[in-house]
Amino acid sequence: MPRDDLMKTIAFSAFALVLGTSAALATDYPATITDVAGRSVTIAKKPERIILQDGRDMLTVALLDRDNPYSHVVGWSSNFVKSDPGTAKLMDQAFGKAPPVMSLSEDGEVDLEAVIAAKPDVVVAQMRAQKSFQESGVEDKLKALDIPVVYLDVMEAPVEHTAESVEVLGKLMDREKEAGEYVSFYKQHIDHLNEVIAKQEAHPNVFIEAKAGNKGDGCCYTHGNMGFGKFIAALKGNNIGTKLLPGQTGSVSLETLLSSNPPDVYIMSGSQWTNPENSAAPLGYNVTPQQVSAALGKLAQRDGFPAMKAAQEGHVYGIYHQFYNHPYNIVGLEYFATFMYPDAFKDLDPAATYATLIKTFTKIPDAPVVLGASAPVTQ
């Protein structure tokens with residue numbers, strides 16, 4: 001066969017393979033989907049009108065409906081805009097007017113009139129809202145109106161459920177190809193973390209101060225077996241909060257922390273909260289590393305902190321708070337890995353991972369962002 005004909009044949013075969021693959025990944029409606037809560041949910045048609053009980057799930061939609069994640073969302077809760085105004089503003093600039101905000105509390109306080117008026121094809125909720133949705137009757141009321149509820153999870157079991165959540169939403173939205181691309185990326189990075197950590201003989205004692213400085217200079221609100229505590233456990237660290245808390249979250253006094261299990265690594269989560277008493281490290285978009293470092297430095301100088309082992313050894317860090325409940329939490333996990341095992345992960349670059357994620361799997365604009373940092377070392 002002449003070379004030109006051969007090349008045409010190869011090109012045609014490749015094109016046919018792509019078409020076949022795309023067809024194989026297409027969702028056929030009506031579709032029965034098993035959500036992350038293990039429920040079988042029937043979706044009558046490709047959803048054109050979606051409501052997000054947790055507004056932060058817009059970041060998962062951004063992985064799938066890349067040209068404009070706002071285009072099929074007809075309502076969402078306000079928590080995304082309130083918790084991360086920098087990202088919300090960036091997305092508004094890129095994708096236009098944001099969807100209407102609705103009352104969609106995970107505690108079951110749902111404005112059913114607004115939900116019904118929006119005529120959704122489906123309500124997507126986080127699994128932590130399931131109990132209240134059932135006990136308050138929200139789930140049954142929506143079912144009676146032929147509005148299915150599909151549960152995702154990126155917080156209660158972030159490492160186990162994030163990829164599954166993306167896959168579930170991908171099937172729901174007929175975006176299985178895009179979901180598969182991100183899930184492959186996510187799992188490759190998780191596998192690398194696991195491979196390196198499996199070789200470590202020592203595992204650090206870690207304390208996470210969640211929302212450090214959010215309400216002034218008090219200390220020390222933390223996560224036990226949830227949120228960032230799950231990150232520490234996934235990376236085989238010893239989460240001090242799990243040992244000291246009676247529940248999943250709560251506050252530990254600095255005196256208790258210093259006397260019982262002094263941390264080898266101290267991590268403070270921060271964000272650009274707008275409350276007037278906020279002194280947290282302003283991690284997120286359109287902030288400089290110098291601003292973040294200065295804020296971390298002030299927090300690390302609170303009474304008693306300079307005596308802490310982690311402070312004296314230069315192991316005090318800052319992490320973008322939203323990662324505890326975020327589909328891009330692989331970046332947060334990589335930051336934690338570099339904080340907890342700096343020698344083992346000295347070649348790991350979480351900032352580059354985030355840049356690759358945004359540029360490859362979304363059309364969220366590339367903008368200056370700081371998502372993890374070290375506090376200045378002071379003696």
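This is a predicted model: local features need pLDDT of at least 70, side-chain atom pairs count only at pLDDT 80 or more; totals for chains, interfaces and linings use all residues.
Residues are numbered from 1 along each chain as its sequence is written, and side-chain values use heavy atoms, with hydrogens and water left out. Helices (H or I, at least four residues) and strands (E, at least two) are DSSP runs, numbered from the N terminus.

Helix α8 covers residues 158–172. At 1.5 Å a residue, its 15 residues should span 21 Å, and the end C-alpha atoms are 20 Å apart, which agrees; the expected span is 1.5 Å times one less than the number of residues. Several of its residues are buried, among them H161, V166, L169 and L172. Here, buried means under 20% relative accessible area, exposed over 50%, and partly exposed in between, with a 1.4 Å probe and protein chains only.

## The four-strand sheet

Let's turn to the open sheet of 4 strands, whose order is β4-β3-β5-β6, with parallel pairing. Its edge strands are β4 (73–76) and β6, each of which pairs on one side only. From one strand to the next, the twist averages 25 degrees. Helix α8 packs on this sheet, where it touches β5 (122–126) and β6, and its direction makes about 150 degrees with that of β6. Contact means heavy atoms within 4.5 Å, while axes are lines fitted to C-alpha atoms, for helices over the stretch in contact, and angles run from 0 to 180 degrees between N-to-C directions.

Within the sheet, strand β3 (residues 50–52) and β4 run parallel and are joined by 3 bridges. Two strands are said to pair if DSSP finds at least two bridges between them.

## Strand β7 and its two partners

Strand β7 (residues 205–209) is mostly covered, with 4 of its 5 residues buried. With strand β9 (residues 238–239), β7 pairs in the parallel sense over 2 bridges. Strand β11 (residues 265–270) also runs parallel to β7, and 4 bridges join them.

In β9 it stands opposite N239, and in β11 its bridge partner is V265.

## A disulfide between neighbours

The structure holds 1 disulfide, the term being used for a pair of cysteine sulfur atoms within 2.5 Å. C219 and C220 form it, and their sulfur atoms are 1.3 Å apart. The link of C219 and C220 is right-handed, with 70 degrees about the S-S bond.

How exposed or buried are the two cysteines? C219 is partly exposed, with a relative accessible area of 30%, whereas C220 is buried, at 0% relative accessibility.

Helix α4 spans residues 85–95, and its buried residues are G86, T87, A88, L90, M91 and F95. They pack against α2 (58–64), α3 (79–83), β12 (284–285) and β13 (316–320). After α4 comes G96, with a positive phi near 95 degrees.

Helix α15 (residues 329–340) and helix α16 (residues 350–361) pack at an angle of about 170 degrees, their axes 9 Å apart. The two are therefore roughly antiparallel to each other; angles under 35 degrees count as roughly parallel, over 145 as roughly antiparallel, 65 to 115 as roughly perpendicular and the rest as oblique. I330, V331, E334, Y335 and T338 of α15 make the contact with P350, A351, T353, Y354 and L357 of α16.

## Backbone details in the loops

Some loops are worth a look too. The peptide bond from Y29 to P30 is cis, with omega near 0 degrees, and P30 lies in the loop between α1 (3–25) and β1 (31–34).

D146 is not a glycine, yet its phi is positive, at about 60 degrees. D146 sits in the loop between α7 (138–144) and β6 (149–152) and is exposed, with a relative accessible area of 67%. K236, which is not a glycine either, has a positive phi of about 65 degrees; it lies in the loop between α10 (228–234) and β9.
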